[in-house]
Amino acid sequence: MRQLSQIYLLLLLLTGLQGCSTIGYYGQAVGGHLSLMLRGQPVESVARDPQTDPELKRKLSVAQSARTFANDVLQLPVGKAFTKYVELDQPWVVVNLVAVPEFSLDPHQWCYPVVGCQAYRGYFNLERARKEQARFNAQDYDTFIGAVTAYSTLGWFNDPLHTGFTSLPDDRMVALMFHELAHQVVYIKEDTAFNESFATAVELEGLRIWLEQQASEAGFDRALQRLEHRNRTLDLVNGTSAQLRQLYQQQQVLAADVLRGRKATLLEELALAYARLSEDYPEPGPFGTPPVHLNNANLALFQQYNQHVPAFRQLLRDHHYDFGRFYDSVKTLSRATPEAREQQLSALSQRFVEHL
């Protein structure tokens with residue numbers, strides 16, 4: 001009843017917004033999440049059902065162990081999250097649209113009640129996302145639609161476990177649970193890079209400790225490989241992004257066709273470098289299996305999720321992996337001005353790199 005009351009209040013809020021497209025967007029968002037919640041079955045009931053596939057039962061058992069670990073060891077606000085299970089009709093729960101101007105790496109911001117502005121917009125309906133994408137494409141934006149395995153409601157609702165989680169390998173399922181729970185610890189309006197980098201750092205360090213306790217050497221090796229692949233990809237992306245930013249600063253002196261040509265060359269070189277890098281790893285990297293086509297939107301989204309991860313990992317290291325004290329420091333950092341926050345994160349990142 002508490003969740004239904006929250007949805008009712010949210011619907012009342014949305015009716016006060018101006019613009020049919022805005023109301024239509026929030027209608028699909030609320031309707032999609034409501035449908036997800038109403039389809040949920042208690043995990044315990046699914047696990048006890050003799051008709052439940054044995055592999056799903058095993059997955060649910062692993063997930064519940066990870067949920068307990070998140071509460072007891074990582075000190076995450078678990079509450080009643082992941083106590084219900086939902087069978088999805090597709091491998092993703094929502095899709096996110098990212099839109100970035102043709103000659104920029106600063107993504108368009110969508111602003112929402114409660115959570116503020118974000119560098120992406122989520123849709124339960126793929127066709128709605130494509131319609132919005134076409135609107136940005138017509139304005140010469142670079143766009144990207146990515147499938148999202150899970151999302152967090154920041155503690156407003158009891159987020160369910162679903163097939164987006166259970167279809168993943170055990171280690172990736174557990175890591176994703178930690179990531180989504182971390183969003184409930186701290187969330188800054190209008191700072192996607194802070195929010196996602198923090199959650200990614202909790203995911204990485206939480207998974208490391210989880211796998212150590214499980215004595216899963218194979219899982220830990222895979223996690224280390226994914227992390228190395230992601231870090232080396234980030235180095236490539238940062239290098240290309242620096243070159244693109246320099247290029248885009250010349251909009252007043254270079255013709256648009258010249259800018260497009262040089263931009264295309266840089267992005268093609270990045271795609272080739274990523275393909276060469278991916279040859280060294282058995283699993284697909286952050287951009288998927290080569291060949292890949294990259295644009296401003298791909299780069300902006302990837303940096304949003306990874307920009308400050310080294311800083312948060314260093315901060316956790318400074319607190320000797322005491323997650324409670326770490327969260328307190330992160331909350332203090334979240335209250336700083338954007339400029340001061342950026343300065344502190346940069347200093348932490350530099351220390352992390354120096355100690356590698």
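Angles under 35 degrees count as roughly parallel, over 145 as roughly antiparallel, 65 to 115 as roughly perpendicular and the rest as oblique. Everything below comes from a predicted model, where local features need pLDDT of at least 70, side-chain atom pairs count only at pLDDT 80 or more, and totals for chains, interfaces and linings use all residues. Residues are numbered from 1 along each chain as its sequence is written, and side-chain values use heavy atoms, leaving out hydrogens and water.

**View 1. Helix α8 crossing helix α12.** Here α8 (residues 192–214) and α12 (residues 309–318) cross at roughly 55°, and their axes come within 8 Å. (Axes are lines fitted to C-alpha atoms, for helices over the stretch in contact, and angles run from 0 to 180 degrees between N-to-C directions; helices are DSSP runs of H or I, at least four residues, numbered from the N terminus.) That makes the pair oblique, therefore.

**View 2. The α8–α12 contact.** On the α8 side sit F194, S197, F198, T200, A201, L204 and E205, which meet V309, F312, R313 and L316 of α12 (contact means heavy atoms within 4.5 Å). Sorting these contact residues gives seven nonpolar, two polar and two charged (Ala, Val, Leu, Ile, Met, Phe, Trp, Tyr, Cys and Pro count as nonpolar, Asp, Glu, Lys and Arg as charged, and the others, Gly among them, as polar).

**View 3. Helix α12 against helix α13.** With axes 9 Å apart, α12 packs on α13 (residues 323–334) at about 130°, so these two are oblique to each other.

**View 4. The α12–α13 contact.** F312, L315 and L316 from α12 meet F323, F326, S329, V330 and L333 from α13. The tally for this contact is seven nonpolar, one polar and no charged.
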